[in-house]
Amino acid sequence: CSGPRLKSCLLGSVPVISWLPRYSIRENALGDLISGISVGIMQLPQGMAYALLASVPPVFGLYSSFYPVLIYFIFGTSKHISVGTYAVMSVMIGGVIERVAPDSNFMMWDNVTNSSIVDVISRDAERVRVAAAVTFMSGLFQ
């Protein structure tokens, strides 16, 4: 366990430490800012729509759009990768969620309107749990 070996291990695990000090703000900042804004403008509604495809509340689409990019910024090695949500996986997870936690499992009787309503809060909480479990298990298999 020597100093150079520790430095090599740290730079291999967290590559942002090696390239960030050499980042040229004068040459790259404007282009990176414009591309970040344009991707953000596209990714926000797209992430929310994909969350609805996955049958979870739209805010979780924002989470899945922001956090993977942040984690890849710290631990990733390629400058030219595209990380984000995509429709096929959202539809597949939505199919599982609809089978495991359908609306019919969360029906409540409303005495005021004399009809049955869906308990949206408990339904959404269960659907997020199912989506997290499916995502975790598919990550383990991969």
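Predicted model: local features only at pLDDT ≥ 70, side-chain atom pairs only at ≥ 80, totals over all residues.

Visitor: How do the axes of helix α3 and helix α4 cross, and which word describes their relation?

Guide: The general idea is to take the angle between the two N-to-C directions, where 65 to 115 degrees counts as roughly perpendicular and over 145 as roughly antiparallel, with the values between those ranges called oblique. Here the axes of α3 (residues 25-53) and α4 (residues 59-75) come within 7 Å and cross at roughly 125 degrees, and the two helices are therefore oblique to each other. The crossing of α3 past α4 is right-handed.

Visitor: Which residues of α3 and α4 meet?

Guide: On the α3 side they are Q43, L44, G47, M48 and A51, and on the α4 side F60, G61, L62 and S65. By class, this contact comprises 5 nonpolar and 4 polar residues, with no charged ones.

Visitor: How should I read the crossing of α5 and α6?

Guide: The axes of α5 (87-100) and α6 (120-141) come within 10 Å and cross at roughly 130 degrees, which makes α5 oblique to α6. This crossing, too, is right-handed. From α5 the contact takes I93, V96, I97, E98 and V100, and from α6 it takes R127, V130, A131, V134 and T135; by class there are 7 nonpolar residues, 1 polar and 2 charged.

Visitor: Turning to pockets, what is the volume of the largest pocket, and which elements line it?

Guide: The largest pocket has a volume of about 1,300 Å³, and of its 32 lining residues S35, V69, F73, K79 and I81 are the closest to its centre. The elements that give two or more residues to this lining are α3 and α4, with α3 supplying the largest share, 10 residues. The lining divides into 15 nonpolar, 14 polar and 3 charged residues.

Visitor: And what lines the second largest pocket?

Guide: The second largest pocket, with a volume of about 920 Å³, is lined by 29 residues, of which S64, T85, M89, I93 and T135 are the closest to its centre. Two or more lining residues come from each of α3, α4, α5 and α6, and α6 gives the most, 7 residues. In this lining 18 residues are nonpolar and 11 polar, and no charged residue is present.

Technical notes: Residues numbered from 1 in each chain as written. Heavy atoms only, no water. Axes fitted to C-alpha atoms, helices over the stretch in contact; angles between N-to-C directions. Helix = DSSP H or I, 4+ residues; strand = E, 2+ residues; numbered from the N terminus. Parallel < 35°, antiparallel > 145°, perpendicular 65-115°, else oblique. Left-handed = near helix turned anticlockwise from the far one by under 90°. Contact = heavy atoms within 4.5 Å. Nonpolar A, V, L, I, M, F, W, Y, C, P; charged D, E, K, R; others polar. 1 Å grid on protein atoms, 1.4 Å probe; cavity = no way out; pocket = protein on both sides within 12 Å on 5 of 7 lines; lining within 4 Å. Points joined across faces, edges and corners; volume = space filled by probe spheres on them.
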